Each structure stands twice: as C-alpha cells, then as structure tokens.
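This report concerns charged side chains and their surroundings. The sequence and the structure are shown first, and the discussion follows.

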Amino acid sequence: MTPGLPPARPASAPDPAPTADQATKDAMSNATTVSPAHSASTASTLITNIAALVTNDPSSGDGSPLGLVRDAAVVIEGDRIVWTGDHSKAPATDNRVDAGGRAVLPGFVDSHSHLVFAGDRTQEFNARMSGRPYGAGGIRTTVAATRAASDEELEANLTRYLREALRQGTTTFETKSGYGLTVADEARALRIAAAHTDEVTYLGAHIVAPEHTEDPASYVALVTGEMLDACAPYARWIDVFCEKGAFDGDQARAVLTAGRARGLHPRIHANQLSYGPGVQLAVELDAASADHCTHLTDADVDALANSRTVATLLPGAEFSTRAAWPDARRLLDAGVTVALSTDCNPGSSFTSSVPFCVALAVREMGMTPDEAVWSATAGGAAALRRTDIGRLTPGAYADLTLLDAPSHVHLAYRPGVPLVSGVWRRGARVV
C-alpha cells in the first residue's frame, strides 16, 4: 500500500453528500456547517488565512460554480469537511494550520489513467515527434513488456506514479487494466490496482490481443466470457476502446453490455482518432463517461448534453501526439458536463500532472481557468459518479490541495511551475 494512498471507499457503498436543501439551511454568514459525524474525541483541524477557497458549491461564496470564498477557512474533523466560511467566523478547533494567504481547492480527481504497465515507449514518442502519426497498434509494445514483468515490478511502477500524482494534488484516481490482454494478466493488473484504489476499470478490450489478430470475434468472446469472469471481482467499471484499429460499435456494445450484466458500469474511449459510434453508444448505455471526445458531430454533442454521461477530455494525449484538440468550448456552451483528466499512460500521454492538463485546457481548448479547475475536480467526480469528492463542502471527504499562489487561476497563469505546496487526503496531510 502506498503511504497516504489507501483505497478511497467501498465502491458498493458511496458516501452521500449533504443535499442542496440542507446546505441552504445550514448556510449562514457565508459559512456552512454540519454536525460532525465522528466522536467527540476526533481531533479537528482549522486551515485558516486562505486567500481564495474553491468549494465547488454554488450556494457558497461568490455564487459561481466554483463557490469561491475569499479570506476563508476550512475545518476538518476526522476524514471529513465539517465547516467552511469566512476565517473570522471559524469555530474553535484542536489544531490550526495557517495557509499564509494561499489558495485552497479540492484535491484533483483524475478519472482516466492507465497505470498498471511496464516499460516505456520513448522511441515511439521520438519517432512521432519526427513526423510519424500515432495509431492504436503502439499499445502492443506495452503489452509485451507488461506480460513479462513480475507482480512486484508492476506494483512498484504503479505506486511510483501514484506518489508522483499525489505530489501534484491528485487525491482520487481511476486506473485501468488493458496491457495484459490474457485472462491471467488482466486479472492480476486489476488485483494490483484494487489494492490502491476502488476506482478500478476492466479494459480487456483495449486492443485485440496479438494472439487473436486474425480472429477478433474470438477475442471479444474471451473478453466477455472467461476474462470478464476473472476480472469482475476486482473492478467497478468496464471500458472499451471504440476506434478504428481497436473495436467497432457492435463489438464495443457487446463488451459493455456483458460487463453491465456482471455489475460493472460502462465508460468508453470514444471518438479520439476519428468520428465514430462511441459517444452515441455511451449515451445509449448510460456510461458514466465518454473519454477523449475529439471528433464530434452536432448529434454527438446534443446526445451528451441531454444525458448523464460526462465528456472527459484528455489534453495530455493531444499534446503528446500533436493531434487536434477537443473543442471544450463547444461542449460547455451546449451544456455538456466536462471533466479533465491526464490519461496517464506510457504511449500517448505520459503525464501524471493534472495542473499541466488544466493549463493545456485553458490555452488550447477554449476553457476559462474557472471551468478547467471545476472540470479537474467536480467534473472528475461526476465522471466517477461521486458526490463525496471534488468539492469542499460539509460531509465531503477532506481532500484538499494548497497552492503556493493566491488564486486557482495561477494553475493556468503559471504553467509548468510546481505550485502545489500541500495536500490533505481523507483529512491527513500527505504532502
């Protein structure tokens, strides 16, 4: 187990956040409070002298989607937020932390990553930067290295990148299998991942395994049969790469419906490299998230806007492949819920930095700094269908990121600068 990174919570028992009605009732003098859900002996901590607090609660602070509170404070008790508001009205606590006029925001929610792998693809990246286009086939290089690695090597690699992400403010992450593509290798990838997060996704349908290249139908049968049986106990989600060179719409539907029958909820790699059926399939099956969403028709945008499916944008992939950027502005203006994530993987987006992705989204995808920060926190939580993370409101988990800056806007304003100076996860300071 990585220090400071226990599993987030049992996937079968999500913790409810306070209702909007209750939050409204409890709002007084720009402060919100709930009765502590912990014993009187639980230590409480006040973080005060916060220049700008992002709560993601529109009933707080300035009334924006960020619920921005100036000159703020937060009270943590146990692993939960129990109070937020004006620092001058903060209640007495056991401990006190002075934020020194810095900004505090929810811990980042990285809802799309591929962290159980071995090897790297430096040569592929170097060739691509020299003009060779990216294609799905590059995944096979990582498959070979992952199959050859020991469990210990895979876990050491996973925890290395989790620590790296934590230092950059990520307190919740989803990660996938997809680099084993045999029953045993997919199951062990999920078993290793499940020791570190419960947001685990079965991605046996990443590409057709090399052994089945001449008979893709046999591989789909494996993914939806014996492999699913072995992997389902470790996973919450099921995913498929619906793309030319990977799986077509009918194959993707078969994979996702089989997973759903086993209690796994769908998410999908959709419309990354070309126009295709992925987004429409995501909406049809009530997928929590359609990820990439680079090539969209008007019908795709309308379908997303009229559904619960989140469009998760992954600008690290476009940065690393020199591909067209997703049009976040188009999605936001249509009323689509947007998340930002890293897509951390060794081939097409080898970054674990959500702040970097925030800066890219603002610079290249038409998002405002406020929208990008919301999408990297509350948006990521929505992509995981969670209400207990991605916000700093009473009852939510005490996952906080302290910036060495007076405003969250500095994440885009000062790209590449390591601004994260403190991280609390589940109420404990881990950075």
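Helices (H or I, at least four residues) and strands (E, at least two) are DSSP runs, numbered from the N terminus. The structure is a predicted model, in which local features need pLDDT of at least 70 and side-chain atom pairs count only at pLDDT 80 or more, while totals for chains, interfaces and linings use all residues. Residues are numbered from 1 along each chain as its sequence is written, and side-chain values use heavy atoms, with hydrogens and water left out.

**Arg-96**

Strand E5 (residues 95–106) contains Arg-96. With a relative accessible area of 63%, Arg-96 is exposed; buried means under 20% relative accessible area, exposed over 50%, and partly exposed in between (1.4 Å probe, protein chains only). Not counting residues up to four places away in sequence, Arg-96 touches Leu-46 and Thr-48, where contact means heavy atoms within 4.5 Å. Thr-45 lies 51 residues from Arg-96 in sequence, yet the C-alpha to C-alpha separation of the two is 5.5 Å.

**Salt bridges**

A salt bridge is a side-chain nitrogen of Lys or Arg within 4 Å of a carboxyl oxygen of Asp or Glu. A search of the whole structure finds 23 salt bridges.

| Pair | Distance (N to O) |
|---|---|
| Arg-147 and Glu-211 | 2.5 Å |
| Glu-199 and Arg-236 | 2.9 Å |
| Glu-364 and Arg-363 | 3.8 Å |

In the salt bridge between Arg-147 and Glu-211, Arg-147 belongs to helix H3 (residues 139–148) and Glu-211 to the loop between strand E9 (200–205) and helix H6 (216–224), so the pair ties together parts that are 64 residues apart in sequence. Arg-147 is partly exposed, at a relative accessible area of 23%, whereas Glu-211 is exposed, at 52% relative accessibility.

The salt bridge between Glu-199 and Arg-236 also links distant parts of the chain, 37 residues apart. Glu-199 is in the loop between helix H5 (183–194) and E9, and Arg-236 is in the loop between helix H7 (226–231) and strand E10 (237–242). Both Glu-199 and Arg-236 are buried.

In the salt bridge of Glu-364 with Arg-363, Glu-364 counts as partly exposed at 33% relative accessibility.
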